[in-house]
Amino acid sequence: MPKINQTIQETPYFRVLSEDQIERIYSAALDVIQRTGARFYHEEALELFRNSDAVVTDENLVRVPLSLVERAIESHPRKINLTGRTGENRISLDKDTVNFGTGSDLPFTYDRETGERRRTKYQDVLNAGRIVDYLPNLDFFMSHGIVQDSPNTQTYDRHQCLAMLEGCTKPMVLTSVDGEGLEDLWKMCKLFRGDDEKEYRLNPMFITYIEPISPLMNDRSAVEKLLFSAEKGIPCMYTPCPSAGATAPASLAGMIVQSLAETLMASVLTYLKNPGMPLVMGGVTTVLDMLTTTYSYGSPELSLASAANTDVSKWIGLPMFSTGGCTDSKTLDEQAAIESATSLYYAFLSGANLVHDVGYLDSGVNASLESLVMNDEIIGMVKQIGKGINTEDEYMALELIDEIGPGGEFLTSEHTLIHYKEWFQPKLQDRSDYATWVREGQLTMADRIQSETDRILKEHQPAPIDDKQHQELKKIVQDADERHAK
Amino acid sequence: MSEKLGKIADSLLNGNVEEVSKVTQELLDEGTDPEEILQSGLFAGMEVVSKKFKDCEMFIPEVLRSAKAMQGAMEKLRPKLSEASSSQAGTVVTATVQGDLHDIGKNLAGMMMEGSGFNVIDMGIDQKTEDIVNAVKEHKPQILGLSALLTTTMPKMGEVVNALKEAGIRDQVKIMIGGAPVTDDFADEIGADAYAPNASIGTEKALELIKG
């Protein structure tokens with residue numbers, strides 16, 4: 001007989017904040033915006049604020065009335081779709097849909113030939129792209145490293161974007177030098193949509209990454225990017241990077257309030273420029289380690305505060321950019337594995353839409369391709385937990401238990417043949433017996449990760465960019481270099 | 001009298017800002033040699049702080065409270081100290097270079113240096129190269145501390161070094177640089193004198209640079 005009064009929990013359920021707590025945090029953030037305000041180092045931004053209900057004092061300190069903040073928040077879409085350059089890889093930033101990806105702009109890379117740490121180059125970003133393009137559990141690509149062999153630091157972003165496009169066909173999150181840089185990146189990506197502005201807006205390829213400077217500061221280049229994104233409707237994240245105890249309160253709630261206020265100020269500014277820009281909430285909300293003064297990428301507080309932030313984002317109705325798969329460890333060692341796995345679990349369970357910084361070593365300073373390969377395996381495990389427990393009749397298997405009976409075996413049943421495929425099958429983890437492990441060379445996880453990375457780099461090539469488009473892309477990059485040549 | 005010096009050291013260790021300042025003033029009023037207050041009171045206390053920090057018994061917030069107490073006492077002491085005093089060794093000018101508004105690392109380094117007796121003049125964020133050169137001319141610091149977080153603003157530190165050379169005052173000041181993308185190699189490349197990966201090493205290196 002069918003049952004009544006049933007609630008099925010399809011997936012595990014995790015939240016940090018109650019609705020009452022979220023309302024308190026939101027309300028407090030509105031107070032910060034109205035009472036404390038934020039500074040904007042950009043004349044057009046200040047003019048937009050002056051011509052609105054906001055108040056500008058002390059040259060560049062902006063305070064905004066609540067009514068304007070609330071109107072601004074309502075103007076952003078609740079959902080964002082992104083597609084890679086070939087149109088095949090799609091992701092959706094929809095409530096509780098989790099996508100994983102790399103982080104951006106690591107200044108150093110471990111050279112795979114020499115093992116030495118050196119500055120990141122064009123080819124490193126391209127190779128990271130190829131790895132991300134291949135790995136099934138990475139859904140979007142941030143550059144991983146920052147290109148430093150470009151002719152000019154002021155045009156690194158165009159070179160970096162080209163390397164990313166060459167290496168990877170997945171949707172992207174892009175950093176840029178300033179508004180002009182962002183415009184070039186947008187032009188580059190628009191080429192893949194027939195160089196049509198409206199078509200591109202319908203099928204964007206990237207979200208632009210922009211940061212305020214905590215506490216409550218907005219520099220010229222960040223504001224340029226916000227205004228350009230608003231003008232063109234480019235999906236954009238304004239993601240504070242406060243360190244609790246240094247650039248934000250040491251209490252996590254205070255840090256979340258402050259970073260929410262920082263994001264909401266961007267919402268107001270872009271609303272005044274041109275309402276409707278797709279805005280992603282963010283926040284690498286972590287602690288300053290009080291022994292080393294490192295901005296920690298491996299702390300449990302990062303995961304806890306990010307999950308709480310995600311709760312707030314869902315309540316507000318904005319997509320969320322969260323953090324996981326990263327570490328303070330200098331190398332890909334036990335510490336890296338522990339910290340990466342922990343943060344990935346909680347970022348996933350929280351339901352954040354983009355979980356970035358997968359593969360970051362050394363607190364956001366060192367890049368390693370092997371780290372990406374290791375994290376892909378962890379994400380596979382994490383996603384398995386997300387499948388939850390199905391309790392329908394087929395899964396309760398009462399008939400089968402009765403059929404096999406006491407002392408029987410399930411190995412040869414049709415039910416096993418069907419359902420074992422729903423399990424997670426590790427690619428790199430070793431579950432063999434001791435004698436087999438010895439016979440096969442006593443390989444460690446690090447050995448297996450390295451050979452898998454070698455294999456991907458040797459074998460995987462992303463879908464090529466056609467020659468004409470490639471020339472057009474290079475032209476945009478060269479033009480930028482010429483404009484900026486000294 | 002030595003009891004009071006001991007009290008300064010203890011209060012410094014406990015981060016009791018008011019007490020350190022009060023006892024320093026009392027000792028000065030009683031006619032104690034300022035150099036003795038500095039050496040046997042303040043430096044003695046900060047030495048213990050420094051050791052406890054290294055041994056992970058004290059953390060940054062506690063160290064900074066002690067540094068603040070030290071700075072308060074130094075303000076009273078500095079005018080009374082002779083030119084030859086070891087505390088007169090150091091004025092440090094700090095700045096975040098143009099285009100960069102990040103300053104937490106620089107501020108932290110400044111506070112730690114104050115805790116070691118340096119007189120720190122902070123120019124703030126987004127400082128133009130020529131303004132930094134002018135500050136060096138004006139304050140004649142022994143050390144110039146430059147900070148940049150971004151790879152895009154990092155080259156500005158090299159620009160400052162060159163501008164100091166052009167102004168003919170490069171030899172008058174030691175330059176120390178810091179920031180996440182900065183390295184020893186980069187310091188060599190642009191002709192800076194030292195690179196500090198964090199605030200406490202920055203303070204150690206500043207003391208070394210002063211000794212020459």
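Analyst: Of the 212 residues in chain B, 50% are buried. The model is a predicted one, and every value here is computed from it. Among the contacts in chain B with a separation of 6 or more, 74% are between residues 24 or more positions apart.

The secondary structure of chain B consists of 9 helices and 5 strands. Their order along the sequence is α-α-α-α-β-α-β-α-β-α-β-α-β-α. For 212 residues the globule rule gives 17 Å, and the radius of gyration of chain B is 18 Å, close to that value, so chain B is as compact as a globular protein of that length. Along the principal axes, the C-alpha atoms of chain B fill a box of roughly 55 × 35 × 25 Å.

Chain B is split into two parts by the domain assignment: domain 1 covers 2–86 and domain 2 covers 90–211. Between the C-alpha centres of domain 1 of chain B and domain 2 of chain B there are 26 Å. Where these domains meet, 10 residues of domain 1 of chain B are in contact with 8 residues of domain 2 of chain B. On the domain 1 side, the elements that give two or more residues are α3 (34–54) and α4 (60–77) of chain B. Of these, α4(B) gives the most, with 7 residues. By type, the residues on this side of domain 1 of chain B are 7 nonpolar, 2 polar and 1 charged.

Next comes the contact of chain B with chain A. Chain B brings 15 residues to it, and chain A brings 17 residues. On the side of chain A that touches chain B, 9 residues are nonpolar, 7 are polar and 1 is charged.

Buried nonpolar residues can also be followed through the model. In soluble globular proteins, nonpolar side chains tend to be buried together. The largest nonpolar core here has 196 residues, and B:L12, B:M157 and B:A192 are among those with the most contacts inside it, as are A:L226, A:C236 and A:V280. The element that gives the most to this core is helix α9 (residues 252–273) of chain A, with 13 residues. Apart from its neighbours within four places in sequence, A:L226 is in contact with A:I210, A:C236, A:Y238, A:A266, A:L269 and A:T270.

Chain A has 18 helices and 18 strands. Buried residues make up 51% of its 486 residues. In chain A, residues 24 or more positions apart account for 76% of the contacts with a separation of 6 or more. A compact globule of 486 residues would have a radius of gyration near 23 Å, and the 24 Å of chain A agrees with this. The box filled by the C-alpha atoms of chain A is roughly 80 × 55 × 50 Å along the principal axes.

Chain A is also divided by its domain assignment. Domain 1 of chain A is made of 1–389 + 424–486, and domain 2 of chain A is 393–422. The C-alpha centres of domain 1 of chain A and domain 2 of chain A are separated by 43 Å.

A few backbone details of chain A complete the picture. The peptide bond between A:S214 and A:P215 is cis, with omega about 0°. A:P215 is placed in the loop between β10 (206–210) and β11 (217–218) of chain A. A:S363 is not a glycine, yet its phi is positive, near 55°. This residue, A:S363, sits in the loop between β17 (354–358) and β18 (366–367) of chain A. A:S363 counts as buried because 20 other C-beta atoms lie within 10 Å. A:N5 also has a positive phi without being a glycine, at about 60°. The position of A:N5 is in the segment before α1 (19–36) of chain A. A:N5 has 4 C-beta neighbours inside 10 Å, so A:N5 counts as exposed.

Technical notes. Residues numbered from 1 in each chain as written. Chains lettered and ligands numbered in written order. Predicted model: local features only at pLDDT ≥ 70, side-chain atom pairs only at ≥ 80, totals over all residues. Core = buried A, V, L, I, M, F, W, Y, C linked by C-beta atoms within 7 Å. Buried ≥ 20, exposed ≤ 12 C-beta atoms within 10 Å, placed from the backbone. Helix = DSSP H or I, 4+ residues; strand = E, 2+ residues; numbered from the N terminus. Contact = placed C-beta atoms within 7 Å. Rg over C-alpha atoms; globule rule 2.2 N^0.38 Å. Nonpolar A, V, L, I, M, F, W, Y, C, P; charged D, E, K, R; others polar. Domains from an automatic or database assignment.
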